[in-house]
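Hi everyone, thanks for making time today. I'd like to walk you through a structure that is new to this group, so please have a look at it with me.

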Amino acid sequence: MRNYWYVSLNNKYPLPMRGQHKRVVMSVQMKAKYSIVEMTREATPVEVDQCKLVFCGFGYWKEDHIQENISKYI
């Protein structure tokens, strides 16, 4: 399953909104100053602002473009 990958610059991640499927965030890798967030859908503008999300790509974790984009922000 291909997912959306984000880096959260404040260690927050989106919670499910009312009426949505509860499994929006598939995984979170928490670090000291950032988190890597895997989502099943694209983040809304409100979620991007609240969680300081930076889009890193759409696809699988091992894909080169995702790894390159994540390494830019960490």
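Predicted model: local features only at pLDDT ≥ 70, side-chain atom pairs only at ≥ 80, totals over all residues.

**A walk through the model**

Residues are numbered from 1 along each chain as its sequence is written, and side-chain values use heavy atoms, with hydrogens and water left out.

Back to Leu9, which sits in the loop between β1 (3-8) and β2 (25-30). Helices (H or I, at least four residues) and strands (E, at least two) are DSSP runs, numbered from the N terminus. Leu9 counts as partly exposed because its relative accessibility is 41%; buried means under 20% relative accessible area, exposed over 50%, and partly exposed in between (1.4 Å probe, protein chains only).

Now the strands. Two of them pair if DSSP finds at least two bridges between them. β2 pairs with β3 (residues 35-39) in the antiparallel sense over 5 bridges, and these two form a hairpin with 4 residues between them. Within that pairing, Val28 has Val37 in β3 as its bridge partner. β1 and β4 also pair in the antiparallel sense, over 6 bridges, with Trp5 opposite Gly57 in β4. Strand β4 (residues 53-59) is mostly covered, as 5 of its 7 residues are buried.

Next, the rings. How many aromatic pairs are there? The count comes to 4, where rings of Phe, Tyr and Trp (its six-membered ring) pair if their centres lie within 6.5 Å; planes under 30 degrees apart count as stacked, over 60 as edge-to-face and the rest as tilted. Tyr4 and Phe58 form a tilted pair, 4.7 Å centre to centre with 50° between the planes. Tyr4 is in strand β1 and Phe58 in strand β4, so this pair ties together parts that are 54 residues apart in sequence. Another tilted pair is Trp5 with Trp61, at 4.9 Å centre to centre and 50° between the planes. This one links distant parts of the chain too: Trp5 is in strand β1 and Trp61 in the loop between β4 and α2 (64-73), 56 residues apart. Trp5 is buried, with a relative accessible area of 4%, whereas Trp61 is partly exposed at 27%. Tyr4, Tyr6, Phe55 and Phe58 form one aromatic cluster.

Finally, charges. A search of the whole structure finds 1 salt bridge, meaning a side-chain nitrogen of Lys or Arg within 4 Å of a carboxyl oxygen of Asp or Glu. Which residue does Arg41 bridge to? The partner is Glu47, with the closest N and O atoms 2.8 Å apart. Glu47 belongs to helix α1 (residues 45-51).
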